[in-house]
Amino acid sequence: MHTHSPAGPRSTSRGATERMTVIAATSLPYPAYRLLLVEGNRGGDRDLIRQHLAEIHDFDLTIDDAGTLHEAVAMVAQRHYDSLIIDLNLPDSVGVDTVKAMRRACPDTPIVVLSEDEGRTLHAAVLDAGAQDLLNKNAAGTQLMARAML
């Protein structure tokens, strides 16, 4: 059997020529993902959520922060976000009204709500208001991202 370079043609035992293709292993970049974290507690809770999100290594993740509903609405008006993670209790908005306001500001963006209360009544209310899901504030980063991206 006569063989040329690995990427070139080669003769087989039957005399036919076939082309060998060499596929180089390349390192593809991680997909870019922009997330808006809306959290009124800029110290402990925001930092903890950022730590959880830092556990995710499969994305080129950019996280922007807003501390109030007013700030978040202004940010989504200026930039596209792939998803939002919002706290229900902000300095200028409390409860399900926070979700409703964010849904009006960005009708097609997935919203995951964080709360320390995971009761069924609250869960149903945030879903009715347009959220994707309700998670406990202590959820792991992978769980947050999986829910935010669905």
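Q: Is L84 buried or exposed, and where does this residue lie?
A: In this predicted model, the reading begins with relative accessibility, for which a value under 20% counts as buried. L84 has a relative accessibility of 0%, and therefore counts as buried. The residue lies in strand β5.

Q: Which residues is L84 in contact with, leaving aside its neighbours within four places in sequence?
A: A list of contacts shows what surrounds a residue. For L84 the list consists of L36, V76, M102, C106, T109, P110, I111 and V112. One of these, C106, is 22 residues from L84 along the chain, and the C-alpha atoms of the two are separated by 9.6 Å.

Q: How many helices and strands does the chain have, and what pattern do they follow?
A: The chain has five helices and nine strands. Read along the sequence, these elements follow the pattern β-β-β-α-β-α-β-β-β-α-β-α-β-α. Of the 150 residues in the chain, 39% are buried. Among contacts between residues at least 6 apart in sequence, 57% join residues at least 24 apart.

Q: Which residue in β5 is the bridge partner of L37?
A: Strand β3 (residues 32-38) pairs with β5 in the parallel sense over four bridges, and I85 in β5 is the bridge partner of L37. β5 also pairs with β8, again in the parallel sense over four bridges; there, D87 has L114 in β8 as its bridge partner. β8 is joined in turn to β9 by four bridges, and the two run parallel. S115 has N136 in β9 as its bridge partner.

Q: Which residues of helix α3 are buried, and what covers them?
A: In α3 (residues 96-105), the buried residues are T98, V99, A101, M102 and R103. Their cover includes the helices α2 (69-78) and α4 (120-128), together with the strands β5 (83-87), β6 (89-90), β7 (93-94) and β8 (111-115).

Q: What angle and what distance describe the packing of α2 and α3?
A: Two packed helices are described by the angle between their axes and the distance between those axes. α2 and α3 pack at an angle of about 15°, and their axes are 10 Å apart. An angle under 35 degrees counts as roughly parallel. The two helices α2 and α3 are therefore roughly parallel to each other. Their crossing is right-handed. At this contact, L69, A72, V73 and V76 in α2 meet T98, A101, M102 and A105 in α3.

Q: Where does S93 lie, and which residue's side chain does its own side chain join in a polar contact?
A: S93 lies in strand β7 and is buried, with a relative accessible area of 8%. A polar contact of 2.7 Å joins its side chain to that of T98. Leaving aside neighbours within four places in sequence, S93 is in contact with L69, L88 and T98. T98 is also one of the buried residues of α3, and both L69 and T98 are among the residues that meet where α2 packs with α3.

Key:
Residues numbered from 1 in each chain as written. Predicted model: local features only at pLDDT ≥ 70, side-chain atom pairs only at ≥ 80, totals over all residues. Heavy atoms only, no water. Buried < 20%, exposed > 50% of the residue type's maximum accessible area, 1.4 Å probe, protein only. Contact = heavy atoms within 4.5 Å. Polar contact = N/O pair within 3.5 Å; in protein donor to acceptor, adjacent residues only side chain to side chain. Pairing = 2+ DSSP bridges. Axes fitted to C-alpha atoms, helices over the stretch in contact; angles between N-to-C directions. Parallel < 35°, antiparallel > 145°, perpendicular 65-115°, else oblique. Left-handed = near helix turned anticlockwise from the far one by under 90°.
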